[in-house]
Amino acid sequence: MKIATWNVNSIKSRLEHVKSWLAAQKPDVLLLQELKGLDFPAADFASLGYKSAAVPQKAYNGVALLSRHGIKVELESLPGDPADEQARYIEATINGLRIIGIYAPNGNPVDSGKFPYKLAWLDRLKTRLEALRREEIPLAIGGDFNIIPEPRDCYDPAAWAGDALFRPESRAKLRAMLNLGYTDAFRVFNREPEQYTFWDYQAGAWPRNNGIRIDHFLLSPGAADRLKSCVIDREPRGRDKASDHTPIVAELSA
DNA sequence: ATGGCTTTATGCTAAAGA
């Protein structure tokens, strides 16, 4: 089972990129983030053999899930705050595997309300992952976590020191989730530095490889036991009119 | 670098992203 995640930075602007990538890579499941609009092109994906479930929002955020297999949607929002209306979470069961797609808050600037919102959102996510662990539900969660786990995941740690993506508080939230027993799928196979999933549009970040690793797959023990590979596919980032993020692809046996 | 691009919006400048 091949599952992928990709922050597309507007599904409207990136539709042809996503369609050609699906046709070439043929994942079983693709998680999408930053749809950035209410219109979701479900018919385009259906014509390629993909069912879909979308949680869109006007102008900002928005997540979706595409699958070649049947989708049973479990949740369309992250539990824990009924007042939170931002579209950042989708949870479904596909082929007997629980799959969650997330677009975690950015959190900048850190002296605004956005940073405490980010930390509270990550606490709610940890609570959800804790409950699923307790039930021993095999789970893969993927998406844009907006967290740089370690210095080796960042081209210039000093420059990012005070940023919400690299602040100790944010990194501690990710570690707390890993400490529940989840595995960072990418680091099972690749311990090298300069393994990035995002490059800014500005200042020639892509040609200079000034990137950060902020898109992740975490696997429960049951799912991690099935992990065969996990790679970052840099190809889409090099295209004309690319998203600033590129996909990660994980393969699970059976 | 003082955010240098990119995207959305009952738009034509502002807000958000990372």
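Q: Is Ser220 buried or exposed?
A: Ser220 counts as buried, because its relative accessibility is 2%. Buried means under 20% relative accessible area, exposed means over 50% and partly exposed is in between, with a 1.4 Å probe and protein chains only.

Q: What am I looking at, a predicted model or something else?
A: This is a predicted model, where local features need pLDDT of at least 70 and side-chain atom pairs count only at pLDDT 80 or more, while totals for chains, interfaces and linings use all residues. Residues are numbered from 1 along each chain as its sequence is written, chains are lettered from A and ligands numbered from 1 in the order in which they are written, and side-chain values use heavy atoms, with hydrogens and water left out.

Q: Back to Ser220, where does it sit?
A: Ser220 is in the loop between β12 and α7 (221-224). Helices (H or I, at least four residues) and strands (E, at least two) are DSSP runs, numbered from the N terminus.

Q: And what does Ser220 touch?
A: Leaving aside residues up to four places away in sequence, Ser220 touches Ile137, Pro138, Leu139, Gly181 and Tyr182. A contact here means heavy atoms within 4.5 Å. The Ser220 side chain also reaches the backbone nitrogen of Leu139 at 2.9 Å. That is a polar contact: a pair of N or O atoms within 3.5 Å, where, within protein, one must be able to donate a hydrogen and the other to accept it, and residues adjacent in sequence count only if both atoms are side-chain atoms.

Q: Switching to the sheet, what's the strand order?
A: The order is β5-β6-β7-β8-β12-β9, an open sheet of six strands with mixed pairing. β5 (72-75) and β9 (183-184) are the edges, each with a single partner strand, so one side of each has no neighbour in the sheet. Two strands pair if DSSP finds at least two bridges between them.

Q: Who does β9 bridge to?
A: β9 is joined by two bridges to β12 (residues 215-219), and they run antiparallel. Thr183 has Leu219 in β12 as its bridge partner.

Q: How about β4, why is it largely enclosed?
A: Five of the five residues of β4 (residues 63-67) are buried, so the rest of the structure largely encloses it. Val63, Leu65 and Ser67 point one way, Ala64 and Leu66 the other.

Q: Which strands pair with β4?
A: β2 (residues 29-33) pairs with β4 in the antiparallel sense over five bridges, with Leu30 opposite Leu66. β3 (residues 51-55) is also joined to β4 by five bridges, running antiparallel, and Ala54 stands opposite Ala64.

Q: Where does α1 bend?
A: α1 bends by about 35° at His17, taken as the angle between axes fitted to the seven residues ending there and the seven starting there.

Q: What does the buried side of α1 pack on?
A: Its buried residues, including Leu15, His17 and Trp21, pack against β1 (2-7), β2, α2 (42-46), β4 and β14 (248-252).

Q: Which residues come nearest to DNA strand B?
A: Ser10, Asn106, Asn146, Asp200 and Ile212, of the 28 residues around it.

Q: Which side chains get to a base nitrogen?
A: A polar side-chain atom of Asn106 lies 2.7 Å from one, and an N or O atom in the Asp200 side chain is 2.7 Å from a base nitrogen too.

Methods. A residue is near a molecule or strand if one of its heavy atoms lies within 4 Å of it.
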